Amino acid sequence: MSAWEKLRELHGERGKRSMTGLFDRDPNRFETYSARCGDLLMDYSKTRLDAEIFDSLITLAKSRNLEDRRDAMFSGALINETERRAVLHTALRNLSGDPVFVEGQDVMPGVLATLYQLKDFATGLRSGEIKTASGQVFTDVVNIGIGGSDLGPVMANVALSPYADGPRCHFISNIDGADITETLQGLNPATTLVIVASNTFTTTETMTNASTAKDWLLGSVSAADIGQHLVALSTAEDKTAAFGIAPDRVFGFEDWVGGRYSVWGPIGLSLMLAIGPDHFTEFLRGAEEMDTHFRNAPLAQNLPVILGLVGVWHANICGYNTRAVLPYDQRLARLPAYLQQLDMESNGKGVAMDGTGLKYRSGPIVWGEPGTNGQHAFYQLIHQGTRIVPCEFMVARRGHEPDLAHQHNILIANCLAQSEALMRGRDKKRACKLMRDQGFEGAELDRQAAHRVFPGNRPSVTMMYDQLTPRTLGKIIALYEHRVFVEGVIWGINSFDQWGVELGKRLANRLLPLVNGEQTDDPHDGSTLGLLASLSE
């Protein structure tokens, strides 16, 4: 019997068991089904896993050669097979400098040299040594990018705002003119630095916004001095030079760093400018700590492995199609959107590594919002809807506002209450008592009670950490990166390409002449042609 078959059999036998019953039978269940990496605690006891199911999941991971694939990734092997590339975002936070080879060449000297260049630039700009064209101090930084060149820096800047003591950072990603208009409104071009983040310097949205921002700068800065207000995060030095950016203002990264994994290097420059090189190093150090844990911890105590296996159990065996990421931390408001890209762009695949169609479902839909806001929005569906949504809660033991500790305690209480309520639910008997105490009788009591029944038995994982520091944030992001890797290995897919984004881009380029009113013989379907015709109404 294969590991998949064993898991399906166990689910058939035990899939309806009460989670509260599991706790009743095992007083030590929390200790058994929780794991740690430093201050980060992951509690997965509120799932229907038991010893035999968990062991079968570990067996599944081993049968998919997870450990060998993991070691191959860290060693620089070309595991992104469709693009024949290594996958080495982990090298960007390899602060030890231990050698990492790609096709026989140690990449670490180049990685560390770039990191030192970034630190020198950030230190100079933050101190005022690097000045504007008019000799002033830079007050604002505008990062222009899209996808991983935007989501990572935005998320991290919001998350680490208590540590921000540098220039104010702003972000532009959407081609919609409203984005750049509202972002630049109120900024002074004479004291603003514009970062253009595009590895190829060809991304349509980014380069269009960059040209608009450059024109905006030219309203206050001469063409001869424009380079002092521009930085490129790119390897296309010919294109950056043509744009007016000096070579010492260009910071590149290799093709073995995917966009959604790139916040650790030059793409994180805006974060380094905001929080400073020392705190940025702590951010890297937290990710490096999780890398070490992922490489060395036994599978049964390994946070990324466990989180990935829980995800596979829920998605493939239990048949749950989505997962909700619910940080009870306002500064992690952009984390669900960041993880949407990380997870769904990586594992939203229908083709196995060998080119055959996938035989089972791959990546689930990832979504979420911070608590407690979500409680007043979509938690109704989570608690009483017809779909079961596994939830992943996050909360800090303490916040950054000691004078508002009483509010943080309310936040923690809400977080813990939600996971408990999802598990416990409320049966008809208790609902009837509740309604009886409110004066209802007979058929009306039964009708009202039915609306107060909570099915319960709905799974969740809770992650608790001491405080949202740069190091903790690095650990959390790396945890999810490796979780995506674990799930991708088990599903047998390439988590590091993204061909699904290409077709729409190509069609947009073909449609633009028609949108501009230019003639073209490029054929399109009747719906598209009808919509194009409506533009002139």
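Six strands make up an open sheet here, running in the order 1-2-13-12-10-11 with mixed pairing. Strand 1 (34–37) and strand 11 (365–367) sit at its edges with a single partner strand each, so one side of each has no neighbour in the sheet. From one strand to the next, the twist averages 15°; angles run from 0 to 180 degrees between N-to-C directions, with axes as lines fitted to C-alpha atoms. Keep in mind that this is a predicted model, where local features need pLDDT of at least 70 and side-chain atom pairs count only at pLDDT 80 or more, while totals for chains, interfaces and linings use all residues. Residues are numbered from 1 along each chain as its sequence is written, and side-chain values use heavy atoms, with hydrogens and water left out.

- Strand 12 covers residues 391–396, and six of its six residues are buried, so the rest of the structure largely encloses it. Buried means under 20% relative accessible area, exposed means over 50%, and partly exposed is in between (1.4 Å probe, protein chains only).
- Cys391, Phe393 and Val395 point one way from the strand, Glu392, Met394 and Ala396 point the other way, and all are buried.
- Strands here are DSSP runs of E with at least two residues, helices are runs of H or I with at least four, and both are numbered from the N terminus.
- On one flank, strand 10 (residues 322–328) pairs with strand 12 in the parallel sense over five bridges, and Val325 stands opposite Glu392. Two strands count as paired if DSSP finds at least two bridges between them.
- Strand 13 (residues 460–465) also pairs with strand 12 in the parallel sense, over six bridges.
- Across that pairing, Phe393 has Thr462 as its bridge partner, and Val395 stands opposite Met464.
- As background, strands of a sheet pair through backbone hydrogen bonds, either parallel or antiparallel.

**Strands 7 and 8**

- Strand 8 (residues 230–233) is covered on both faces: Leu230 and Ala232 are buried on one side, Val231 and Leu233 on the other.
- Strand 7 (residues 192–197) pairs with strand 8 in the parallel sense over four bridges, and Ile195 has Val231 as its bridge partner.

- Helix 12 (residues 277–296) has 20 residues and reaches 28 Å from first C-alpha to last, close to the 28 Å expected. That expected span is 1.5 Å times one less than the number of residues.
- A salt bridge here is a side-chain nitrogen of Lys or Arg within 4 Å of a carboxyl oxygen of Asp or Glu.
- Lys475 lies in helix 19 (residues 470–491) and Glu289 in helix 12, so the pair ties together parts that are 186 residues apart in sequence.
- Lys475 is buried at 4% relative accessible area, whereas Glu289 is partly exposed at 21%.

**Other salt bridges**

- The structure holds 33 salt bridges.
- In one of them, Arg14 pairs with Glu52, with the closest N and O atoms 2.6 Å apart. Arg14 is in helix 1 (residues 3–14) and Glu52 in helix 4 (residues 51–63), so parts 38 residues apart in sequence are tied together.
- Glu52 is partly exposed, at 32% relative accessibility.
- Arg447 and Glu444 form another, with the closest N and O atoms 2.9 Å apart. They are three residues apart in helix 18 (residues 442–450), which puts about one helical turn between them.
- Both ends of that pair are partly exposed, Arg447 at 46% and Glu444 at 32%.
- Shared partners join Lys6, Glu9, Glu13, Arg14, Arg17, Asp50 and Glu52 into one salt-bridge network.

**A nonpolar surface patch**

- Leu512, Val515 and Leu535 make a nonpolar surface patch of about 290 Å². Patch residues have over 30% relative accessible area and no salt bridge, with nonpolar side chains (Val, Leu, Ile, Met, Phe, Trp, Tyr) joined within 5 Å and like charges within 9 Å.
- Areas come from the Shrake-Rupley method with a 1.4 Å probe, and for residues only the protein chains shown count as cover.
- Leu512 belongs to helix 20 (residues 502–515) and is partly exposed, at 46% relative accessible area.
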